[in-house]
Amino acid sequence: MKTLNVKSVRSYDIHIERGLISRCGEIIKPLARGGKAMIVSDTNVYPIYGDTVKKSLEHSGFEVSTHIFPAGEASKQLSTIAEIYNSLADNGFSRKDFIVALGGGVTGDMAGFAAATYQRGIDFVQIPTSLLSQVDSSVGSKTGVDIKQGKNLVGAFWQPSVVIIDPDTLNTLTPEFFADGMAEVIKYGCIKSLPLFERLEQENAADIIEEIIYDCVSIKRDVVERDEHEAGERMLLNFGHTLGHSIEKAYGYTGITHGQAVGVGMVIITRASETAGITPSGTTERIENLLKKYNLPITDKTPLDEMASGALGDKKASGDSINIVLLNKIGDSFTKKLKKTELLGFISKSEL
Ligand SMILES: NC(=O)c1ccc[n+]([C@@H]2O[C@H](COP(=O)([O-])OP(=O)(O)OC[C@H]3O[C@@H](n4cnc5c(N)ncnc54)[C@H](O)[C@@H]3O)[C@@H](O)[C@H]2O)c1
Ligand SMILES: [Zn+2]
């Protein structure tokens with residue numbers, strides 16, 4: 001088993017090993033303060049992994065209840081949180097009891113937010129089962145829900161007691177969701193690790209997924225340890241996301257995945273940066289080849305002016321400037337402040 005520790009206001013371990021979910025009870029046991037566990041999961045994941053997790057928790061002596069919600073981003077809203085509160089209260093959950101988030105990022109974000117707020121905060125455990133949640137959302141303590149005005153607009157920073165990553169769960173993930181998570185994996189290579197990027201080029205990620213997850217989690221861990229509340233370095237994790245988010249918005253969040261949009265965002269911003277003489281030429285082509293290798297698109301029909309205006313309306317763009325993330329070279333990134341009026345001009349360089 002590989003373990004990483006995240007230092008935070010409340011530090012926690014991240015364990016990575018194939019088959020680990022069947023031992024979750026014994027991992028949680030020494031950390032638990034109360035005897036009740038509620039598994040929060042969705043209608044896709046619970047039927048596959050729910051029994052294994054429930055049995056392991058029961059075997060370790062916990063009294064287990066479940067709250068299962070319809071799979072998908074559409075569930076990530078306050079009404080689902082209210083239902084989770086009701087389940088917790090109906091089952092007599094006290095401040096010492098805990099929630100187990102079993103599923104992808106939607107489950108983790110919601111279970112975490114419910115844990116952050118039920119009785120002013122109870123413990124929770126992350127068992128991420130999608131590639132995106134294993135390499136990204138389960139690390140860094142951001143929890144929350146969407147409201148009709150935008151994604152993730154309501155939430156809290158809330159650390160899990162432990163994160164249990166079982167790469168075997170990825171065997172049941174659809175190829176589309178696997179590709180979705182690969183966009184974030186490629187992003188980590190771009191912003192922080194040339195060796196990771198080169199391995200992704202040379203090998204097949206699925207064959208070495210356990211090591212890849214470890215590399216990505218340790219990159220994210222290092223970044224969030226230095227900047228949990230996103231004052232500086234954490235912004236680097238948004239590489240490709242400024243334009244990616246606008247592309248998702250232009251689609252109304254259907255018909256394109258987050259990873260597909262982020263991949264295109266990485267390509268456009270890097271090509272513009274190459275033209276501007278910041279990133280060495282040939283970098284964009286390498287990113288494109290890697291995206292193609294992992295079944296992600298490299299272009300999109302959304303017009304650049306729509307991408308720019310979408311980015312300027314984002315919650316992260318305040319005042320008259322916007323931070324974009326660029327590459328000095330693969331594995332080395334930095335943020336650049338642009339005046340909002342300069343953004344369209346900058347990304348238009350991608351078409352020169
Ligand atoms: N908190 C953060 O820091 C952070 C970071 C990035 C993304 N997010 C959030 O994460 C969410 C996206 O995460 P996601 O892509 O995991 O979404 P998701 O939870 O909806 O999972 C994707 C799909 O895969 C299914 N699934 C998950 N694991 C499976 C498995 N092992 N086998 C079969 N099916 C499985 C789910 O049921 C769902 O249909 C978004 O809401 C995003 O805002 C949060
Ligand atoms: Zn992302």
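**Ground rules.** I am working from a predicted model, in which local features need pLDDT of at least 70 and side-chain atom pairs count only at pLDDT 80 or more, while totals for chains, interfaces and linings use all residues. Residues are numbered from 1 along each chain as its sequence is written, and chains are lettered from A and ligands numbered from 1 in the order in which they are written. Helices (H or I, at least four residues) and strands (E, at least two) are DSSP runs numbered from the N terminus. I call a residue buried if 20 or more other C-beta atoms lie within 10 Å of its own, exposed if 12 or fewer, and partly exposed in between, with C-beta atoms placed from the backbone.

**Helix 7.** I listed the buried residues of helix 7 as Leu196, Phe197 and Leu200. Looking down the axis of helix 7, I find them within an arc of 100 degrees, so they line one face of the helix. The arc is taken over the directions from the helix axis to the C-beta atoms. These buried residues pack against helix 6, helix 8 and helix 11. For contact I use C-beta atoms, placed from the backbone, within 7 Å of each other.

**Helix 11.** I then went to helix 11, residues 283–293, where Thr284, Ile287, Glu288, Leu290 and Leu291 are buried. Down the axis of helix 11 they fall within an arc of 165 degrees, so they too line one face of their helix. On the other side of helix 11 I noted Asn289 and Lys292 as exposed. The packing partners of the buried residues of helix 11 are helix 6, helix 7 (194–202) and helix 10 (258–275). After helix 11 comes Asn295, with a positive phi near 60 degrees.

I traced an open sheet of seven strands with mixed pairing, in the order 1-2-9-6-5-3-4. Strand 1 and strand 4 (63–69) are at the edges with a single partner strand each, so one side of each has no neighbour in the sheet. Neighbouring strands of this sheet are turned by 20 degrees against each other on average, direction ignored. Two strands count as paired if DSSP finds at least two bridges between them.

Strand 1 (residues 2–6) pairs with strand 2 (residues 12–16) in the antiparallel sense over five bridges. Asn5 stands opposite Asp13 in strand 2, and a hairpin of five residues joins strand 1 to strand 2.

I checked two helices against the sheet strands. Helix 2 lies across strand 3 (36–42), strand 4, strand 5 (98–103) and strand 6 (123–128), at about 170 degrees to strand 3. Helix 8 (residues 209–226) lies across strand 1, strand 2 and strand 9 (162–165), at about 10 degrees to strand 1. Axes here are lines fitted to C-alpha atoms, for helices over the stretch in contact, and angles run from 0 to 180 degrees between N-to-C directions.

**Ile39.** I placed Ile39 in strand 3. Why does Ile39 count as buried? It has 26 C-beta neighbours inside 10 Å. Beyond its neighbours within four places in sequence, Ile39 is in contact with Gly50, Val53, Lys54, Val64, Thr66, Val100 and Leu102. The C-alpha atoms of Ile39 and Ile68, 29 residues apart along the chain, are separated by 8.0 Å.

**Ala317.** Ala317 sits in the loop between helix 12 (304–312) and strand 10 (321–329). I count Ala317 as partly exposed because 16 other C-beta atoms lie within 10 Å. Its contacts, leaving aside neighbours within four places in sequence, are Ala311, Leu312, Ile322 and Lys340.

**Strands 7 and 8.** Strand 7 (residues 142–147) runs antiparallel to strand 8, with five bridges joining them. I found Ile147 opposite Gly150 in strand 8, and a hairpin of two residues between strand 7 and strand 8.

**Ligand 1.** I counted 29 residues around ligand 1, the closest being Asn44, Gly104, Gly105, Ser130 and Ser137. A residue belongs here if its C-beta atom, placed from the backbone, lies within 6 Å of the molecule. Elements that each supply at least two residues of this shell include helix 4 (105–117) and strand 8 (150–157).
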